[in-house]
Amino acid sequence: MARVMLIEDDPSVREGLRLSLGRHGHDVDLASTGEEGLERLLAAPADIVVLDLMLPGLDGFEVCRRIRAGGPTPIVMLTARGDDLDVVSGLEAGADDYVIKPVRPRVLEARIRAVLRRGGPAGAVSTGQEVHGDLTIDRGSLTVTRAGVPITLPPMELRLLLELSAAYRQVFSRQQLLESVWELDFLGDSRLVDACVQRLRTKIEDIPSKPRYIQTVRGFGYRFGPL
């Protein structure tokens, strides 16, 4: 069971999702505005936040940025449209995944479970420490340090790093990463991968625009290394 903070201004959507998430065993806390959601999170942190982007007052994008600035709490955003600008802006603000309204409860539950699954990919059998330049990855404790300083990563960024670093210099397509990291077994949105890579680079690279660790292979996808 996870504690879910649901921030949604539409009363009927809010109540419907509360009931469906509750049936899946989650403890659901509710907020109708961004301000209320942030206050409730400070009072009682959640395992995951389900956040509507189109909120009155403090909008979902700013709420997302403030939650992400405060720590690695995973965020699934709800958007009323598949609008490219909304999706990209939400991912850049720090969301881990998104679901388009009208929300199908089983889809939302699947995305919550995927985002909360903190363990590494199934193919990563090593459980010890790996040292890559200044970066140390401990698969057993699921911790990462850079030059000896701990780095706090949200679940999807951690899973992406574990997946890529498990196969040094192997090129992964965006679709492969969507399947292994986001657990999407259909043609998913490659922007999830690109936005997550960008956020991860800002935390592990000396110069994010000139990455040593997570490198782009144009026309194909991403790989870990060369360092």
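How do α2 and α3 run relative to each other, roughly parallel or roughly perpendicular? They are roughly parallel to each other, in what is a predicted model. Helix α3 packs against α2 and also against α4.

**Helices α2 and α3**

- Helix α2 spans residues 34-43, and its axis crosses that of α3 at roughly 15°, the two coming within 10 Å.
- An angle under 35 degrees counts as roughly parallel, and α2 and α3 are therefore given that description.
- The crossing of α2 with α3 is right-handed.
- On the α2 side the contact is formed by G34, L38 and L41, which meet V63, R66 and I67 of α3.
- Sorted by class, the residues in this contact of α2 with α3 are four nonpolar, one polar and one charged.

**Helices α3 and α4**

- Helix α3 (residues 60-70) packs with helix α4 (residues 84-93) at an angle of about 20°, and the axes are 8 Å apart.
- That angle makes α3 roughly parallel to α4.
- The crossing of α3 and α4 is right-handed.
- From α3, the residues F61, C64, R65 and R68 take part in the contact, and from α4 the residues D86, S89, G90 and A93.
- This contact of α3 with α4 comprises three nonpolar, two polar and three charged residues.

**The two faces of α3**

- Buried residues in α3 are G60, F61, V63, C64, I67 and R68.
- The buried residues of α3 pack against strands β1 (3-7), β3 (48-52) and β4, and against helices α2 and α4.
- The exposed residues A69 and G70 sit on the face of α3 turned away from its buried side.

**The two faces of α4**

- In α4, the buried residues are D86, V87, G90, L91 and A93.
- Viewed down the axis of α4, its buried residues fall within an arc of 160°, so they line one face of the helix.
- The elements that cover the buried residues of α4 include α3, β4 (75-79), β5 (97-100) and α8 (190-204).
- L85 and E92 are exposed on the other side of α4.

**Cis peptide bonds**

- K101 and P102 are joined by a cis peptide bond with omega of about -5°.
- P102 is placed in the loop between β5 and α5 (105-116).
- Another cis peptide bond runs from G225 to P226, with omega near 5°.
- P226 belongs to the segment after β12 (221-224).

**Positive phi at residues other than glycine**

- L142 is not a glycine, yet has a positive phi of about 55°.
- The loop between β7 (135-138) and β8 (143-146) holds L142.
- With a relative accessible area of 24%, L142 is partly exposed.
- R169, also not a glycine, has a positive phi of about 70°.
- R169 is in the loop between α6 (155-165) and β10 (172-173).
- The relative accessible area of R169 is 44%, and R169 is partly exposed.

- T136 is part of strand β7.
- Relative accessibility of T136 is 18%, and the cut-off for buried is under 20%, so T136 counts as buried.
- Leaving aside residues up to four places away in sequence, T136 touches Q129, E130, V131, T143, V144 and T145.
- Y222 is a residue of strand β12.
- Y222 is buried, at a relative accessible area of 5%.
- Between Y222 and M77 there is a separation of 145 residues in sequence and, C-alpha to C-alpha, 25 Å in space.

Definitions and conventions:
Residues are numbered from 1 along each chain as its sequence is written. This is a predicted model: local features need pLDDT of at least 70, side-chain atom pairs count only at pLDDT 80 or more; totals for chains, interfaces and linings use all residues. Side-chain values use heavy atoms; hydrogens and water are left out. Axes are lines fitted to C-alpha atoms, for helices over the stretch in contact, and angles run from 0 to 180 degrees between N-to-C directions. Helices (H or I, at least four residues) and strands (E, at least two) are DSSP runs, numbered from the N terminus. Angles under 35 degrees count as roughly parallel, over 145 as roughly antiparallel, 65 to 115 as roughly perpendicular and the rest as oblique. A crossing is left-handed if the near helix is turned anticlockwise from the far one by less than a right angle, and right-handed if clockwise. Contact means heavy atoms within 4.5 Å. Ala, Val, Leu, Ile, Met, Phe, Trp, Tyr, Cys and Pro count as nonpolar, Asp, Glu, Lys and Arg as charged, and the others, Gly among them, as polar. Buried means under 20% relative accessible area, exposed over 50%, partly exposed in between (1.4 Å probe, protein chains only). The arc is that of the directions from the helix axis to the C-beta atoms.
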